[in-house]
Amino acid sequence: MSLFCIGLVISFLFVGQAETQNQSNCIKIPEVSLGNAEAIERNRRVAVLIQADRLIQSNNLAEAIKLQQSVKKALPNVAAPNPPTRNVDNLASGAKVYWQNAEEGLEAGLSTKSLIALEKLSDNYPEFITGHIKFAEASLRWNQPDKAIQTLDRAYGIYPDRVDLLEPLLKLLISKKMEVEASIASRQFALNYPEHPDAPKYKKLADDYMNQFINDFKNESFITALISGDRKIIEQIFKGESGFGEESAAEIKQSVSLVTDPKLTEYINNLGQKLAKLSGRDDFKYEFNIIQDNSLNAFALPGGKIFINTGAIADMESEAELAGILSHEIAHTVFSHSYQKIITETKARALKKVGLINTFLEYLKPELAFGRSLEQQADFLGTRILSSAGYSADGLYRVFDRWRGYEKDRQTGWLDSHPASSERVRYLQAAVQNRNYNRYSLENIEALIAARGAFCKSEAKNPPSTDVPTSTSKPSNKPTLGKVAVVAGQTNDNVSININGGKVESSGKYILNVEIVNKSSQSFGFVPIFAKTTNADGKTVSSQFISASGKNVVNAGETAKGTLSVFQQPWRDTGDQGLVWQVTESTGGGRVFRIPF
């Protein structure tokens, strides 16, 4: 009974907060209503986890674990990889047959027989370390270096603590002038196994390989500059990761709306800095910025410059989940993933004699996103950082488990530029189990709620107007309810935004039907929280736009629908409400629509 009471209180807290936020520009908590079964269950779970947090803070760990276990769904049993071995006698008879065929083929110089047997051995018996190494050697022997690299990289991903896999992989990568990949593999070992006696060695190798790559790139830069005719991006690269990150961050800040509220920014920065100290890389000046945008997105620039959207912050159930997302982005920075992407893409474009990218914003396009292996590296290190910070180690796992339910609509932002969450759920639950991370630890939910609540209060600078609009017509004895007729719109450079009909609810709120028709050759989008509705006096009145598809970008040649809700403005039977809805484009065209209705 006590848990139900707690859940009821928290339900009012979350839903009440969401209702308030619908009428301001603060963070919107994605709850529907108190009567929604999913919302009630989520709020009950949050209430129980808050109680567990309080028990942890009072050092009553046993009771806290019981509470968390009562609301966290059990992880499916995931079999750990078989213990690695270098002795074929420890394997099943099928493996021994493959090994015998491979040895016979190698001795006779038969490429097909050798490679087929070794590939089946590598695929079906991944615990046989010698098989991977021999397969890589055979692939090199018959001039298939890509297959050799792929084989060792896959095996190293399964057994990332095996130096006997890392060493031949590094040797092969360096021989193919793949210093960045060698740097990342070395740093992966050093950071994941900091207590290993060889960790300092591989940390130094990671720095050496990256420096070697940069020096080689600089020696090619004069030719690259001549080909491209533009040195801007190259000059930025020459400044190193930190310098490049500083300039790129400045570009981003000029193109987005940043949250400046000191309470929320201080909260995010303090959390991020705490996590960054555990990342194993202290040569960056870490910086954490918040973008006012409802989409689920976060990204990392070189040199420790992290950005996260208010939409992602809003979707988090706990500080542990938020810390998981921040740790993931920190991991991208630590591994130099962004810097690698920039340099390799720049070099590839120069070699193809195509124009270079001149702004970091272009590197954030989904088609230039990190590959699966880099994302997996960031997920694993991010989870280790999360666990080391004392949070529940399943924080990042839970985010992906929830987000995979969103992916049927695949909104723009984080979900478009990252691998499917279902895949990440599988390997992260395996990591949490097989690495014995503690998933029953601090969630710190109340700190997150307080930070979001403080931000909402600070944003309420212009409260909704409660003045009844003036009208020369005789007032109606009864308020208008149900469907109403209203037609308005504006066209600007082949993009039309139209209002056509709506309905008035008993609460007084009215909801208008919106259609956006994009007949231009470019995508059109806007950020709903920056669209505003004003009355005849120029005062902002409370309103909210919701896209029917969940997307706020309309592709060229497409039509999108949505609704515009207006609060605390009684419907006027004259038809003209004396209001103007202003929409400012966010996709680069700079168009502004002012739609009187």
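**Exercise 1: Salt bridges**

Glu321 is buried, and so is Arg398; buried means under 20% relative accessible area, exposed over 50%, and partly exposed in between (1.4 Å probe, protein chains only). The model is predicted: local features need pLDDT of at least 70 and side-chain atom pairs count only at pLDDT 80 or more, while totals for chains, interfaces and linings use all residues. Residues are numbered from 1 along each chain as its sequence is written, and side-chain values use heavy atoms, with hydrogens and water left out.

Solution. 

1. A salt bridge requires a side-chain nitrogen of Lys or Arg within 4 Å of a carboxyl oxygen of Asp or Glu. Under this rule, 28 salt bridges are counted.
2. Helices (H or I, at least four residues) and strands (E, at least two) are DSSP runs, numbered from the N terminus.
3. Both residues also belong to a salt-bridge network that links Lys72, Asp315, Glu321, Asp394, Arg398, Arg402, Arg439 and Glu443.
4. Between Asp401 and Lys73 the closest N and O atoms are 2.7 Å apart. Asp401 counts as buried because its relative accessibility is 14%.
5. Glu167 and Lys201 form a salt bridge at 3.2 Å, N to O. Glu167 is partly exposed at 32%, and Lys201 is partly exposed at 41%.

**Exercise 2: Strand pairing**

Task. State which strands pair with strand 12, and in which sense. Then explain why one side of strand 9 and of strand 14 is left without a neighbour in the sheet.

Solution. 

1. Two strands pair if DSSP finds at least two bridges between them.
2. Strand 12 (residues 559-566) pairs with strand 6 (residues 510-518) in the antiparallel sense over eight bridges. Within this pairing, Leu512 has Leu564 as its bridge partner.
3. Strand 10 (residues 543-547) likewise pairs with strand 12 in the antiparallel sense, over five bridges. Ser543 has Val566 of strand 12 as its bridge partner.
4. A further, open sheet consists of four strands in the order 9-8-13-14, with antiparallel pairing. Strand 9 (540-541) and strand 14 (592-596) stand at its edges with a single partner strand each, so one side of each has no neighbour in the sheet.
5. Strand 14 is joined to strand 13 (residues 580-584) by five antiparallel bridges, with Val583 opposite Phe593 of strand 14.

**Exercise 3: Positive phi**

Task. Locate Lys177 and Asn436, and describe the backbone and exposure of each residue.

Solution. 

1. Most residues other than glycine have a negative phi.
2. Lys177 has a positive phi near 60 degrees. Lys177 occupies the loop between helix 8 (163-175) and helix 9 (179-192) and, at 52% relative accessibility, counts as exposed.
3. Asn436 has a positive phi near 55 degrees. The loop between helix 20 (421-434) and helix 21 (445-459) contains Asn436, which is exposed with a relative accessible area of 67%.
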